[in-house]
Amino acid sequence: MERTILHADANCFYASVEMLHHPEYDGLPLAVGGDVETRHGIILTANYIAKRRGVKTGSALWEAEKACPGLIIVPPDYEEYLRFSRYLREIYGIYSDRVESFGLDEAWCDVTDSTGILGSGEEIAEEIRRKVKAELGLTVSVGVSWNKIFAKFGSDYKKPDAVTVVDRESYRTIVWRRPMDDLLYVGRATNRKLSSFGMHTIGDIANADPDFLHTLLGKMGTTLYVFANGGDRTPVAMEGTEAPIKSIGNGMTMPRDLTSNEEVRMAIYMLSESVAARLRENHFKGRLVEIYVRDNDLSGITRQHKISCPTDISMEIAEAAMALFLANYHWERPIRGLCVRVGELAASACPYQLNLFQSEEEREKQRKMDIAVQEIRGRFGIEAVQRGLMAFGPEITPRKRLEQTIHPHSYMERGNRVMEG
Amino acid sequence: MIKGEIMMEEKGSERPNYKLYVEVGAVYEPDGTMVPKYLRLTPDGEKFVIDHIYRAQRSASRRAGGCGICYSVRIRGKDALLYYEDSPHASRWFVESRYPVPEADF
């Protein structure tokens, strides 16, 4: 039986939630942007009025204000967005147990088994659209198709507050005529390559020789060929079977540019403490330490290093991160942002190969110390216990809990299963 | 949409678009259902007993701004909407009011 898959996309999600909470801004251009004071100065989302006036996601706050005088910028409230994201999922969950989130504001929903009872895919999509609007005060655009790729295409096709059906009869006229970067995974580089061979639309990809695409783009070429022809068979994941956490990381934009190794050491220790705490919270240990360094020109480097034993000890993470930094950063420019991440996670109870030259007794002590510090901070605040190191630059230490970024899962994360069957 | 039916809008009167957080007395039934019984506009203000609950469902309040479980209720013979806003910052009750300051619409 042919599948019926919906892809629902909450339009201008962050901005819509803010608009809902601030009816006084009705009819005015609004954007959700980072805090100017601490220099997270970019636009995260803008409402349609602001978008029409040229405010773009990702542009700096001052750029946005220049493009659109009178723009209202509100700081993001992630907890509130998470709450609305949960409500959205609850609504999708009424129609299917196969709901797979793609970031906070998008989700696929496989309603194949509900179509007999609740009506066609289009009817269900309409009902979801109406329900979200009435209950949450947000608008969603929904795409309906027999595969995830075209469903996602459909939700992008007509916005906001609309339903687009892409079926076997219509996909050639709806999908194939659109420029190819409307297709998931056609980015700038792919676009450029294919354009140089005179290919511009999704239909061009669909009608190209798959071998030619393979030669040109490798495995991705074949994948895109399958995508463009509606041959994607990737299932929508069951509710609650999200991919396990792959890595835990914390990053921050510094209140001022860092210019010395000592300052970097301070920031790295702080981030590592927070990463270690989150590893313990989730009962993980990791073997891969990764740093991301962004300079004040906003270009960044990522470097990673495997350590000998899985760890959740802040000291070990910090030392590994610092060693990576010293080996790889040469101070061409001051540093604006840093991120420390631990990957290759395993359950903390997992047995592992001990290192002959490392005292496990000592490590256990370190670990207990981390826990003790965390408890003290939990009770008396983050400033109750600090490393001596932090005394050198109090303005770098954050006053509140570090912000944790929300990373959407990648479409390919669970492997690309398009070629099966 | 229920809102149109049960909002009592007198001609010429202002639209109720102020968000007013209020004190609510609620009862939790053994099965976990939360039933609001009365509300006060100010802590020491008059007590408005909720005579009847027509229905409760999640709903957005576009006028006052926000979203929560919306109870359509009858108070002193008049219909009103009472919202339970379960926000991560604070779980509170609010009404859509015609006035920026606590003043009874009922």
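Reader: Which residue stands opposite Leu288(A) in S12(A)?
Author: Gly343(A) does. Keep in mind that this is a predicted model.

Reader: How do S10 and S12 of chain A pair, and over how many bridges?
Author: They pair in the antiparallel sense, over eleven bridges. Strand S10 covers residues 284–295 and strand S12 covers residues 335–347 of chain A.

Reader: What is the strand order of the open sheet in chain A?
Author: The order is S9-S12-S10-S11, four strands with antiparallel pairing. Strand S9 (248–258) and strand S11 (300–311) of chain A are the edges. Each of these two pairs on one side only.

Reader: By how many degrees are neighbouring strands of this sheet turned against each other?
Author: On average by 15 degrees, with direction ignored.

Reader: Which helices pack on the sheet?
Author: Helix H13 (residues 261–281) of chain A is one of them, and it touches S9, S10 and S12 of chain A. The direction of H13 makes about 155 degrees with that of S9(A). Helix H14 (residues 314–328) of chain A packs there too, touching S10, S11 and S12 of chain A. For H14, the angle with the direction of S11(A) is about 140 degrees.

Reader: Back to the strands. Where does Tyr292(A) lie?
Author: In strand S10 of chain A.

Reader: Why does Tyr292(A) count as partly exposed?
Author: Because it has 16 C-beta neighbours inside 10 Å. A residue needs 20 or more to be buried, and 12 or fewer to be exposed.

Reader: What does Tyr292(A) touch?
Author: Leaving out residues up to four places away in sequence, it touches Gly251(A), Gly300(A), Thr302(A) and Cys339(A). Take Thr302(A): it is ten residues from Tyr292(A) in sequence, and their C-alpha atoms are 4.4 Å apart.

Reader: New topic. Is helix H12 of chain A mostly covered or mostly uncovered?
Author: Mostly covered. H12 spans residues 219–228, and seven of its ten residues are buried. The buried ones are Gly221(A), Thr223(A), Leu224(A), Tyr225(A), Val226(A), Phe227(A) and Ala228(A).

Reader: What do the buried residues of H12(A) pack against?
Author: Three helices of chain A: H7 (148–157), H10 (202–206) and H11 (210–217).

Reader: And what comes just after H12(A)?
Author: Gly230(A), with a positive phi of about 75 degrees.

Reader: How do H4(A) and H6(A) pack?
Author: At an angle of about 145 degrees, with their axes 10 Å apart. Their crossing is right-handed.

Reader: Which residues of H4(A) and H6(A) meet?
Author: From H4(A), Phe84(A), Tyr87(A), Leu88(A), Ile91(A), Tyr92(A) and Tyr95(A). From H6(A), Ile124(A), Ile128(A), Lys131(A), Val132(A) and Leu136(A). By class, this contact has ten nonpolar residues, no polar ones and one charged.

Reader: Now chain B. How many helices and strands does chain B have?
Author: One helix and six strands. Along the sequence the pattern reads α-β-β-β-β-β-β. Chain B has 106 residues, and 29% of them count as buried.

Reader: How many residues does the contact take from chain A and from chain B?
Author: Eleven from chain A and 13 from chain B. On the chain A side, helix H1 (13–21), helix H4 (78–95) and helix H6 (121–136) each supply at least two residues.

Reader: What classes of residue are on the side of chain A that touches chain B?
Author: Four nonpolar, three polar and four charged residues.

How values were computed: Residues numbered from 1 in each chain as written. Chains lettered and ligands numbered in written order. Predicted model: local features only at pLDDT ≥ 70, side-chain atom pairs only at ≥ 80, totals over all residues. Pairing = 2+ DSSP bridges. Axes fitted to C-alpha atoms, helices over the stretch in contact; angles between N-to-C directions. Contact = placed C-beta atoms within 7 Å. Nonpolar A, V, L, I, M, F, W, Y, C, P; charged D, E, K, R; others polar. Left-handed = near helix turned anticlockwise from the far one by under 90°.
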